[in-house]
Amino acid sequence: MTGKLYYQDAYLTSFETKIVKEGFDESQKKAYVLLEDTAFYPTGGGQPHDIGEIDGHNVLDVEEVNGELRHYVETIPKRTDKVSCSINWERRFDHMQQHAGQHILSAAFENTYGYKTISFHLGKEICTIDLAITDINEVEINQVELICNKIILENKPIITKWITEEELPAYHLRKELTVKDNIRLVIIPGVDDNGCGGTHPKSTGEVSVIKILGLEKQKKHIRVQFVCGHRVRHQLHDKHKVMVELTSKLNAPQEKLSEAADRLIENNRELQKDLENLKSQLIQYEANELISNAHLLNNVHVISSVYINRPISDLQDLAKDLLTKKNNTIIILISDNQEKLQLVSARSEDINLNLNAVLKGILPDINGKGGGKPSFVQAGGDKAISSESLLRNFLENVKNVIN
Ligand SMILES: [Zn+2]
């Protein structure tokens, strides 16, 4: 059994020991070593593992597997009788801050409102606890945050203690234990007694600060997002950066940003409306222009045009507008989009002509697909022929069908 130095001293960052076994995890394809003693905390009890070095060889992961405390290493150290080890203190202390902060937060919710924590997660960026409730209000959230930070300021000791099952009745545990032997308690006097195998700072003051960031309503519980300690400073730094950028871009102070964004959205909505009006006016103008260029084919007016990179919705709008303006008319509009050709064709109701039949005749020319009502069709295909040829072939087919 490896000696767990992190339980003797959570602040131990470097130590010397022996490598007692080397191994290779086939499923993870990773080499590992077992140490006589270790200060490397393995993933467990909701707290992520430590990283660091053994004799200059990187420790990437630490896991307890079948009672073995495996240190997964990039490369196996050469020396085994005496190795110098160091853990990444920044990462460890961050986990200690978040973990102790979680105990304080869960205790504050339970002690103040009776809201029980059913699970927690110490994430890479933010941490969460899940409360066994389906609703919570802002007053409660603010109150709990205030209480947590008061507990931190009071700098209460965080005591760890190993006890037996017989000694348990002397304590009021926040949650039921999952173990019966080697019971380890983490106690914040007057705040919280909790069974826990994690590493914690020696007093609440070292958590520094707790900030609740948000809530997420889940089906059967409320998820509370929070950060502690250094992470609060990082969060503030990132959020402040965004705020500074936005105040400059929107030319408004922080407290007026929301208003400025509302104005921008409203402006955008109005511009959109104006744009739609202008577009419809343009379509009308274009339609009149096309009508003046119409020509006769077997006593039927033909209105045709070829465009470059025009959305098919424009062609549809144009065709619809033309139909309201002129009888005894066939319309054919084509958009030439580099590798693709698209077309819209329509006819006035006073002409007896099935445009699907016309379309069928030209679709093979462009390996195309299309169809619609007998009086209104659209199609698209490859630019296997030029847009002008497509127009010519289409009108040729119209002529044949009309006759
Ligand atoms: Zn814990």
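A salt bridge here is a side-chain nitrogen of Lys or Arg within 4 Å of a carboxyl oxygen of Asp or Glu. By that rule the whole structure, a predicted model, holds 26 salt bridges.

**Stop 1: Glu68 and its partners**

Select Glu68 and Lys21. Their closest N and O atoms are 2.6 Å apart, and the two residues form a salt bridge. Glu68 belongs to strand 8 (residues 68-73) and Lys21 to strand 3 (residues 19-25), so the bridge links parts of the chain that are distant, 47 residues apart. Glu68 is buried, at 18% relative accessible area, while Lys21 is partly exposed at 35%.

**Stop 2: Asp130 and Arg223**

Move to Asp130, whose salt bridge with Arg223 brings the closest N and O atoms to 2.7 Å. Asp130 sits in strand 11 (residues 127-131) and Arg223 in strand 16 (residues 222-228), 93 residues apart. The relative accessible area is 4% for Asp130, which is buried, and 25% for Arg223, which is partly exposed.

Now go back to the Stop 1 residues and include Asp25: Lys21, Asp25, Glu68 and Arg70 are joined into one network by salt bridges that share partners.

**Stop 3: the zinc ion**

Select the zinc ion and display His99, His103 and Cys196. The donor atoms are NE2 of His99, NE2 of His103 and SG of Cys196, at 2.1 to 2.3 Å from the ion. Their spacing in sequence is H-x3-H-x92-C. Because His99 lies in helix 2 (residues 89-113) and Cys196 in the loop between strand 14 (192-195) and strand 15 (210-217), this pair ties together parts that are 97 residues apart in sequence. His99 and Cys196 are both buried.

**Stop 4: domain 1 against domain 2**

Colour the chain by domain: domain 1 (3-87), domain 2 (93-239) and domain 3 (283-402). The C-alpha centres of domain 1 and domain 2 are 27 Å apart. Domain 1 gives 10 residues to the contact and domain 2 gives 14 residues.

About 1,000 Å² is buried between these two domains, with carbon and sulfur atoms giving 55% of that area. On the domain 1 side, select Tyr7, Tyr11 and Gln47, which supply 55% of the area that domain 1 buries against domain 2, more than any other three residues.

Which polar features cross this interface of domain 1 and domain 2? There are 6 residue pairs in polar contact, and 0 salt bridges.

Conventions:
Residues numbered from 1 in each chain as written. Predicted model: local features only at pLDDT ≥ 70, side-chain atom pairs only at ≥ 80, totals over all residues. Heavy atoms only, no water. Donors = N, O, S within 2.8 Å, 3.2 Å for Na, K, Ca; no water. Helix = DSSP H or I, 4+ residues; strand = E, 2+ residues; numbered from the N terminus. Buried < 20%, exposed > 50% of the residue type's maximum accessible area, 1.4 Å probe, protein only. Domains from an automatic or database assignment. Contact = heavy atoms within 4.5 Å. Buried area = accessible area lost by both parts, 1.4 Å probe. Polar contact = N/O pair within 3.5 Å; in protein donor to acceptor, adjacent residues only side chain to side chain.
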